[in-house]
Amino acid sequence: MTATPLGRDYRLLWSAAVSSRFGDALRTPALALLAATLTRDPRAVAVVTVAAQLPPLLLGLLGGVYADRWDRRRTMALVDALRAAVVAALAGAVAGGLAGVPALVATAFLLAALGVLFDAASFALLPTLVPAPALPAANGRLQAGTALAGGLLGAPLAGVLFAVSPSVPLTVDAATFALAALLTLALSRSAADAGLRGREGRHERGVARRSVWREAADGVRWLRGEPTMWRITLLSAGTNLAISALMAVLVLYALDVLRVPPAGYGLFMAAVVLGGLAGALGAGRLAARLGTTSALRAVLLAQTVALAGFALVRHPVPAGLALAVFAGGSTVWNSLWAAYGQGRVPAALLGRVGATQRMAAVLTAPVGATLAGLAGAAYGVGPVVGAAAVVFALVTLAAWRALQPAAPAPDDAPPTTAGTAARPGPLRSR
């Protein structure tokens with residue numbers, strides 16, 4: 001994927017991310033199953049899900065501020081250690097029959113809040129570990145590893161372990177967080193990160209004494225002043241509107257419209273994971289061949305065609321292939337978007353700018369899911385998928401105008417390429 005070696009530190013960071021993602025894939029369905037065993041009230045079960053979705057919206061900017069204030073390597077290790085302790089405590093409560101819905105809600109919220117800080121620090125740390133030309137491939141491999149650990153390994157295993165005992169998947173998740181903390185601590189202090197803490201850190205500490213919100217505003221202003229990154233952020237928000245709408249009705253569309261047998265739904269959804277894995281592995285090559293902005297436009301075009309095909313066909317096999325192409329495009333976009341910002345944002349602002357991008361891009365996700373639910377109830381799920389394809393087509397047209405490659409432009413070179421990976425999986429919000 002790249003002629004530039006990624007190095008020992010990258011391998012450690014990759015291993016830590018994959019370990020955490022594997023544990024997440026075990027814990028997320030375990031929390032849902034636990035909630036369903038404790039109550040059949042849909043409102044109570046939904047609260048557990050909502051608790052995990054609120055922190056990125058409420059605390060995203062603060063996470064970026066502290067990721068820029070504190071040593072990022074130690075911050076990531078401490079966050080993973082705290083997450084290990086939180087999940088281990090819940091596992092003990094579940095094993096002892098002491099966990100109720102409030103405990104699940106508190107755990108989901110706390111883990112997501114810690115995750116906000118971890119994601120901001122991780123995004124800002126990666127450019128100090130690998131050379132700039134390797135950023136697209138480095139982000140792609142992270143996407144591929146987490147997709148493999150979460151989609152192909154963790155998700156199928158979650159139900160099996162839960163059947164053994166509800167506390168088992170939580171215990172394994174705690175162990176993966178502890179392992180990730182140790183792997184992160186093993187990272188060396190790169191020259192770039194050491195320079196940030198020494199030269200620019202003194203100024204940041206002075207600002208910190210005044211107001212965290214002033215620091216957060218610095219990240220927002222910087223992003224608004226960088227036209228290409230701001231346009232990519234807005235385009236991501238548009239696509240997330242369609243992706244969240246699609247995901248909200250996907251299971252019903254597969255079962256009722258495509259006539260996928262319930263027993264085959266897991267195999268049908270495996271196309272998402274495999275497509276996302278292929279896209280992540282090819283992101284570095286695509287950036288090297290086309291340049292970042294041209295690659296982003298091409299990805300949106302391919303996704304629009306794939307989603308239109310998915311909306312038109314009525315057989316599971318071609319629909320699954322179209323969905324795989326769509327998912328592959330999502331991971332390519334994530335990889336290039338992340339590398340673009342990592343190669344251009346000043347080191348002292350990486351956490352804040354990345355957090356701002358993630359917040360702006362995911363704000364439309366709950367809107368899309370809500371509209372899909374209302375429209376699906378009124379008109380059926382078929383028109384919802386068609387509408388998602390139309391939204392993607394409109395975003396693609398906008399991108400064709402907004403992401404014009406400039407010559408000779410550094411952002412069109414293979415290399416320091418693409419914004420913030422707010423979307424850890426192939427069909428999750430960008």
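**Packing around helices 11 and 15**

Author: Helix 11 and helix 15 are roughly antiparallel to each other. This is a predicted model, in which local features need pLDDT of at least 70 and side-chain atom pairs pLDDT 80 or more, while totals for chains, interfaces and linings use all residues. Residues are numbered from 1 along each chain as its sequence is written, and side-chain values use heavy atoms, without hydrogens and water.

Reader: Why is the pair of helix 11 and helix 15 called roughly antiparallel?

Author: Helix 11 (residues 292-312) and helix 15 (residues 381-402) pack at an angle of about 160°, with axes 9 Å apart. Angles over 145 degrees count as roughly antiparallel, under 35 as roughly parallel, 65 to 115 as roughly perpendicular and the rest as oblique, so this pair is roughly antiparallel. Axes are lines fitted to C-alpha atoms over the stretch in contact, and angles run from 0 to 180 degrees between N-to-C directions. The helices are DSSP runs (H or I, at least four residues). Helix 11 passes helix 15 in a left-handed crossing, meaning that the near helix is turned anticlockwise from the far one by less than a right angle.

Reader: What makes up the lining of the second largest pocket?

Author: The second largest pocket is lined by 13 residues, with A245, L371, A372, V384 and A387 nearest its centre. Helix 9 (227-257), helix 14 (365-379) and helix 15 each give two or more residues to this lining. By class, the lining has twelve nonpolar, one polar and no charged residues. The pocket holds about 190 Å³ of space. A pocket is an open set of points on a 1 Å grid where a 1.4 Å probe fits, with protein on both sides within 12 Å along at least five of seven lines; lining residues have an atom within 4 Å of a point.

Definitions and conventions: Points joined across faces, edges and corners; volume = space filled by probe spheres on them. Nonpolar A, V, L, I, M, F, W, Y, C, P; charged D, E, K, R; others polar.
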